Amino acid sequence: VKSFTEAVKSKKYMIMDDDSTVGKLSSLIVDESYDWDQHSEIMISHYLSQIMVSISRIISGRSRKIADKQSESAMAKNTIYKVLRYIDREYLNIESVKDVSDNLSYSEYYISHLFKKKMGISIKQYVLEKRMALASKMLREGIPPTDVATAIGYEDYSNFYRIYQKHFGLAPSKEKKRR
């Protein structure tokens with residue numbers, strides 16, 4: 001802290017090179033504020049802490065450039081984060097990976113492969129998991145299976161029945177009795 005304070009006091013003007021860390025973190029804060037949820041305050045607090053550390057390193061001359069590999073990794077994590085947030089909000093409206101890629105401005109190939117690599121399942125499988133979890137919850141609440149099928153995006157009840165039975169190993173009508 002002392003060297004930081006001395007560095008600031010000894011400079012009339014502070015013009016320092018940034019390795020783009022502060023800019024990237026600032027961008028993440030803006031993104032987080034647009035997609036506000038219960039975790040946003042914590043995320044913004046962490047980003048601000050990282051900004052303070054980065055500024056301290058820049059001023060003290062101990063700033064290190066982010067290696068390309070680390071930068072790519074951070075970008076990949078940010079992309080996955082955006083994809084997950086989008087899917088978690090819109091999974092009932094997503095019909096294909098193209099819907100996700102178009103709305104987030106990434107290529108289908110890129111997000112499909114990145115998601116599978118980082119998450120271990122495909123985007124399609126993740127969307128299905130979200131829908132089936134909602135279907136199970138709705139069925140346990142006593143909502144008729146045909147209404148559940150329609151609510152989660154299946155116009156054809158027999159298609160919903162088949163997928164639900166394959167996913168959970170029981171018919172949708174048996175869900176309430178199971179719990």
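Guide: Contact, the term to settle before anything else, means heavy atoms within 4.5 Å, and residues that touch are in contact in this sense. The model is predicted, so that local features need pLDDT of at least 70 and side-chain atom pairs count only at pLDDT 80 or more, while totals for chains, interfaces and linings use all residues. Residues are numbered from 1 along each chain as its sequence is written, and side-chain values use heavy atoms, with hydrogens and water left out.

Visitor: To how many helices and strands does the secondary structure of the protein come?

Guide: Helices (H or I, at least four residues) and strands (E, at least two) are DSSP runs numbered from the N terminus. In this protein there are 10 helices and 0 strands, and the elements therefore read α-α-α-α-α-α-α-α-α-α from the N terminus on. Residues 24 or more positions apart account for 57% of the contacts with a separation of 6 or more.

Visitor: What percentage of the residues of the protein count as buried?

Guide: Buried means under 20% relative accessible area, exposed over 50%, and partly exposed in between (1.4 Å probe, protein chains only). Of the 179 residues, 30% count as buried. The accessible surface, from the Shrake-Rupley method with a 1.4 Å probe, comes to about 12,100 Å², and 54% of it belongs to carbon and sulfur atoms.

Visitor: Which residues touch the most other members of the largest nonpolar core?

Guide: In soluble globular proteins, nonpolar side chains tend to be buried together. A nonpolar core is a set of buried Ala, Val, Leu, Ile, Met, Phe, Trp, Tyr and Cys residues joined through side-chain atoms within 4.5 Å. The largest one here has 29 residues, and V83, I87, V100, F115, I123, I152 and F160 touch the most other members. At least two residues of this core come from each of α4 (68-90), α5 (97-104), α6 (108-119), α7, α8 (145-151) and α9 (157-168), and α7 gives the most, with 8 residues. Apart from this core lies another, of 7 residues, among them I29, I44, Y47 and I51.

Visitor: Which residues does I111 touch, not counting residues up to four places away in sequence?

Guide: I111 lies in helix α6 and is buried, at 1% relative accessibility. Beyond four places in sequence, I111 touches T79, V83, V97, V100, S101, Y106 and I123. I111 and V83 are 28 residues apart in sequence, with their C-alpha atoms 8.0 Å apart. I123, in turn, has V83, I87, V97, V100, I111, S112 and F115 as its contacts, counted with the exclusion of residues up to four places away.

Visitor: Which residues in α5 are buried?

Guide: An α-helix has 3.6 residues a turn, so residues three or four places apart point the same way. In α5, the buried residues are V97, V100, S101 and L104. Seen down the helix axis, they fall within an arc of 95 degrees, so they line one face of α5; this arc is that of the directions from the helix axis to the C-beta atoms. S101 has a relative accessible area of 3% and touches Y106, S107, E108 and I111, leaving aside residues up to four places away in sequence.

Visitor: To how many salt bridges does the count come?

Guide: A salt bridge is a side-chain nitrogen of Lys or Arg within 4 Å of a carboxyl oxygen of Asp or Glu, and the count comes to 4. One of them joins K82 and D31 (3.8 Å, N to O), linking distant parts of the chain, with K82 in helix α4 and D31 in helix α2 (residues 21-34), 51 residues apart. K82 is partly exposed at 29% relative accessibility, and D31 is partly exposed at 27%. Another joins D102 and K98 (3.1 Å, N to O); both lie in helix α5, 4 residues apart, about one turn of the helix. K137 and E141 also form a salt bridge (3.5 Å, N to O), in which K137 is partly exposed, with a relative accessible area of 43%.

Visitor: How far away from R131 is the nearest side chain of opposite charge?

Guide: Lys and Arg count as positive and Asp and Glu as negative, with His and the chain ends not counted. R131, in helix α7 (residues 123-140), is buried yet has no salt bridge, and the nearest side chain of opposite charge, E95, is 7.0 Å away. With residues up to four places away in sequence not counted, R131 touches Y91, L92, N93, I94 and I152.
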